[in-house]
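Subject: Structure handover

Hello,

Here is the structure to be passed on to you. My notes on it follow below.

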Amino acid sequence: MTHPIRPGRLAALLTGALLVMLLPAVVVAHAELDTSTPAEGATVPSPFEGPIVLDFTEALADGSEADLLGPDGETVASADVDRAGARMTFELDAALDPGEYEVRWTGVALDGHVDRGTFGFTVAPAPPTPEPTPEPTPSPAASVTAPAETLAPATVEPLASPSPSPSVDGGETAGTGDVVLPIIVALLVVGAGAVYLLTRRNRPGMPE
């Protein structure tokens with residue numbers, strides 16, 4: 001014999017079935033962080049100008065927020081929240097200094113469930129700038145030397161012929177000649193006289 005289902009019992013069964021169907025939706029309604037750029041624990045090169053992007057598993061409700069903390073623990077920037085897109089984005093005004101940074105986020109789901117978390121990343125120091133190689137300094141000779149075609153031809157003056165200087169030896173020789181010549185003449189005269197006398201003496205019949 002079949003018993004009719006009472007209206008109150010039927011309502012309870014329908015409510016229970018509805019709760020069973022709605023239970024998975026209630027369980028998965030968490031706005032948790034799915035991915036981030038930079039990733040947790042990543043090291044990015046300098047200069048790093050962002051942006052920093054956080055993607056969540058669910059749409060974000062009012063109260064969702066995120067802050068970026070610098071190496072000194074001070075807040076550097078706050079994220080813009082795209083609730084429908086389930087995304088938070090940090091748009092940086094300037095490149096981040098080298099050091100370790102931390103992102104603190106709060107995700108509020110549409111059902112009001114709140115999730116919080118943190119992750120960190122590191123900005124590496126900038127590579128050293130190579131020192132410029134100094135250019136060689138031109139020598140003074142090179143800086144004042146004009147091209148060959150621009151130089152005026154040099155005027156070559158003839159060398160003056162040196163005037164003969166009086167010879168000391170020549171002067172002495174000339175003076176000696178003036179003295180010796182009369183002596184020679186006198187000796188010739190004396191010699192000629194002696195020869196004459198000898199010749200005359202040797203002639204026969206000449207008185208001695």
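**Aromatic cluster**

Phe 48, Tyr 101 and Phe 121 are linked into a cluster by ring pairs. Please keep in mind that this is a predicted model. The number of aromatic pairs found is 3. One of them joins Phe 48 and Phe 121 in an edge-to-face arrangement, with 6.0 Å centre to centre and 65 degrees between the planes. This pair connects distant parts of the chain, 73 residues apart: Phe 48 sits in the loop between strand S2 (43-44) and strand S3 (52-56), and Phe 121 belongs to strand S9 (residues 114-123).

Phe 48 has a relative accessible area of 13% and is buried. Phe 121 counts as buried because its relative accessibility is 2%. Tyr 101 and Phe 121 also pair, this time stacked, at 5.8 Å centre to centre and 15 degrees between the planes. Tyr 101 is in strand S8 (residues 99-108) and Phe 121 in strand S9, so this pair ties together parts 20 residues apart in sequence. With a relative accessibility of 6%, Tyr 101 is buried as well.

**Strand pairing**

Strands S8 and S9 belong to an open sheet of 5 strands, in the order S2-S9-S8-S4-S5 and with mixed pairing. Its edge strands are S2 and S5 (75-78), each of which pairs on one side only. At the S5 end, strand S4 (residues 65-69) and S5 are antiparallel and share 3 bridges. Leu 68 has Ala 77 in S5 as its bridge partner.

As background, strands of a sheet pair through backbone hydrogen bonds, in a parallel or an antiparallel way.

Further strand pairs involve S7. S3 and strand S7 (residues 87-90) run antiparallel and are joined by 4 bridges. Strand S6 (residues 80-82) also pairs with S7 in the antiparallel sense, over 3 bridges. S6 and S7 make a hairpin with 4 residues between them. In the turn of that hairpin, Ala 86 has a positive phi of about 55 degrees.

**A polar contact at Ser 36**

Ser 36 is part of strand S1 (residues 33-37). Its relative accessible area is 17%, so Ser 36 is buried. A polar atom of the Ser 36 side chain lies 2.9 Å from the backbone oxygen of Pro 38.

**Nonpolar surface patch**

Which residues form a nonpolar patch on the surface? They are Val 180, Ile 184 and Leu 188, with about 260 Å² of accessible area together. Ile 184 is located in helix H3 (residues 168-202). Ile 184 counts as partly exposed because its relative accessibility is 43%, and the partly exposed class lies between the 20% limit for buried and the 50% limit for exposed.

**Recap**

For quick reference, the items to look at in the viewer are these:

- the cluster of Phe 48, Tyr 101 and Phe 121;
- the open sheet with the order S2-S9-S8-S4-S5;
- the hairpin of S6 and S7, with Ala 86 in the turn;
- the side chain of Ser 36 and the backbone oxygen of Pro 38;
- the surface patch of Val 180, Ile 184 and Leu 188.

Regards

Technical notes
Residues are numbered from 1 along each chain as its sequence is written. This is a predicted model: local features need pLDDT of at least 70, side-chain atom pairs count only at pLDDT 80 or more; totals for chains, interfaces and linings use all residues. Side-chain values use heavy atoms; hydrogens and water are left out. Patches are made of residues with over 30% relative accessible area and no salt bridge: like charges are joined within 9 Å, nonpolar side chains (Val, Leu, Ile, Met, Phe, Trp, Tyr) within 5 Å. Accessible areas come from the Shrake-Rupley method with a 1.4 Å probe; for residues, only the protein chains shown count as cover. A salt bridge is a side-chain nitrogen of Lys or Arg within 4 Å of a carboxyl oxygen of Asp or Glu. Helices (H or I, at least four residues) and strands (E, at least two) are DSSP runs, numbered from the N terminus. Buried means under 20% relative accessible area, exposed over 50%, partly exposed in between (1.4 Å probe, protein chains only). Rings of Phe, Tyr and Trp (its six-membered ring) pair if their centres lie within 6.5 Å; planes under 30 degrees apart count as stacked, over 60 as edge-to-face and the rest as tilted. Two strands pair if DSSP finds at least two bridges between them. A polar contact is a pair of N or O atoms within 3.5 Å; within protein, one must be able to donate a hydrogen and the other to accept it, and residues adjacent in sequence count only if both atoms are side-chain atoms.
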